[in-house]
Amino acid sequence: MPDPTISGTVLDEIIQGVREDLAVRLEETPLAQVKAAAERRKPAMNALPALQAAGLSVIAEVKRRSPSKGDLASITDPAALARSYAEGGAAVISVLTEQRRFAGSLADLDAVRAAVDIPVLRKDFTVDAYQIWEARAHGADLVLLIVAALTDQELREFLELTESLGMNALVETHTAEEVRRALAIGAKILGVNVRNLKTLDVDRQVFADLAAELPSIASGRDDLTESLVLVAESGVRDAADVARYAAAGATAVLVGEALVSDSTPAQRIAEFRSAAVNAL
């Protein structure tokens, strides 16, 4: 079940807005029409090989604003930014499509998809199967599933639908219990977000603690952990943060603010990857 401690928090408020905006899109574009568009798309790219490659992978984010920091960057040309990310060696590009708190859009996703030939993550607050079909219709190769926002049944059904459409899911967790729930449904890409959902504060130690607990959480299930992609989310300010995440066991890092606020994002990604190699 969703974490009862987040009721009435920022996540709860965001999801309420997401549901309201979703209702408008459902009215404008029926599910049957979205499914037809998804089926016309060429097959999704499998992000796992890129994320499981040697060294630390970078998931670079197109992100205009956040609830914690407000405006981050205007990003007038998301396609150009995405190309810079790809040139810098990003394994995946994440595109925020939530509009109220993050100023994102499906138009951003369309622009990025058309600009690069690496996997693209539609980063939004998935609460309905419609959004998964919608992601595929707009060319996404991955979707985000937040454990704290979904029941076990929803998580399982959404993951099954995602994979049936040829996409991967980044399953986001914040606690040991959420990690258990994610592994129980067979998550292959496990995110640990170090931002507290109630306060929006960042505690980077959360990643190291949960990564260290992973073997015991998985209860010896080597089949779950041997090929698991472990993603450190939030809190990356510089190469030193990336190195710490890598040393703690991260397979990949998801970085938004530190890249969109940088004038040379391609160079920064290369520095992050180099710092991770030195940390291992």
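Analyst: Helices here are DSSP runs of H or I with at least four residues, and strands are runs of E with at least two; both are numbered from the N terminus. The model is predicted.

User: Between which two elements does the loop with S234 lie?

Analyst: S234 sits in a loop. Strand β9 covers 229-233 and helix α11 covers 239-247. The loop with S234 therefore lies between β9 and α11.

User: Is S234 buried or exposed?

Analyst: Buried means under 20% relative accessible area. S234 has a relative accessibility of 18%. That value is under the cut-off, so S234 counts as buried.

User: What is the phi of S234?

Analyst: Most residues other than glycine have a negative phi. S234 is not a glycine, yet its phi is positive. The value is near 75°.

User: What is the phi of A103, and where does this residue lie?

Analyst: A103 lies in the loop between β4 (92-96) and α5 (106-115). A103 is partly exposed, at 30% relative accessible area. A103 is not a glycine, but its phi is positive, about 55°.

User: Which residues have the most contacts inside the largest nonpolar core?

Analyst: In soluble globular proteins, nonpolar side chains tend to be buried together. The largest nonpolar core of this model has 101 residues. Helix α1 (residues 10-28) gives the most to this core, with six residues. The residues with the most contacts inside the core are L51, Y85, I93 and F207.

User: What does L51 touch, leaving aside neighbours within four places in sequence?

Analyst: L51 is one of the residues with the most contacts inside the core. Leaving aside neighbours within four places in sequence, its partners are S57, I59, A91, V92, I189, V229, T251 and A252.

User: How are α6 and α7 oriented to each other?

Analyst: Helix α6 spans residues 129-137 and helix α7 spans 152-164. Their axes come within 10 Å and cross at roughly 20°. Angles under 35 degrees count as roughly parallel. So α6 is roughly parallel to α7.

User: How do the residues in the contact of α6 with α7 divide by type?

Analyst: α6 passes α7 in a right-handed crossing. A129, I132 and W133 of α6 meet F158, L161 and T162 of α7. The contact divides into five nonpolar, one polar and no charged residues.

User: At what angle do α1 and α6 pack, and what is the handedness of the crossing?

Analyst: The axes of α1 and α6 are 11 Å apart, and the angle is about 65°. V18, L22, R25 and L26 in α1 meet Y130, Q131 and E134 in α6. These residues divide into four nonpolar, one polar and two charged. The crossing of α1 past α6 is left-handed.

User: How far apart are the C-alpha atoms of A86 and P265?

Analyst: A86 lies in helix α4 (residues 78-88) and is partly exposed, at 29% relative accessible area. Beyond four places in sequence, A86 touches I93, V116 and I118. A86 and P265 are 179 residues apart along the chain, and their C-alpha atoms are separated by 9.8 Å.

User: What separates the C-alpha atoms of D262 and A23?

Analyst: D262 lies in the loop between α12 (257-260) and α13 (265-279). D262 is buried, with a relative accessible area of 18%. D262 and A23 are 239 residues apart along the chain, and the separation of their C-alpha atoms is 36 Å.

Methods:
Residues numbered from 1 in each chain as written. Predicted model: local features only at pLDDT ≥ 70, side-chain atom pairs only at ≥ 80, totals over all residues. Heavy atoms only, no water. Core = buried A, V, L, I, M, F, W, Y, C linked by side-chain atoms within 4.5 Å. Buried < 20%, exposed > 50% of the residue type's maximum accessible area, 1.4 Å probe, protein only. Contact = heavy atoms within 4.5 Å. Axes fitted to C-alpha atoms, helices over the stretch in contact; angles between N-to-C directions. Parallel < 35°, antiparallel > 145°, perpendicular 65-115°, else oblique. Left-handed = near helix turned anticlockwise from the far one by under 90°. Nonpolar A, V, L, I, M, F, W, Y, C, P; charged D, E, K, R; others polar.
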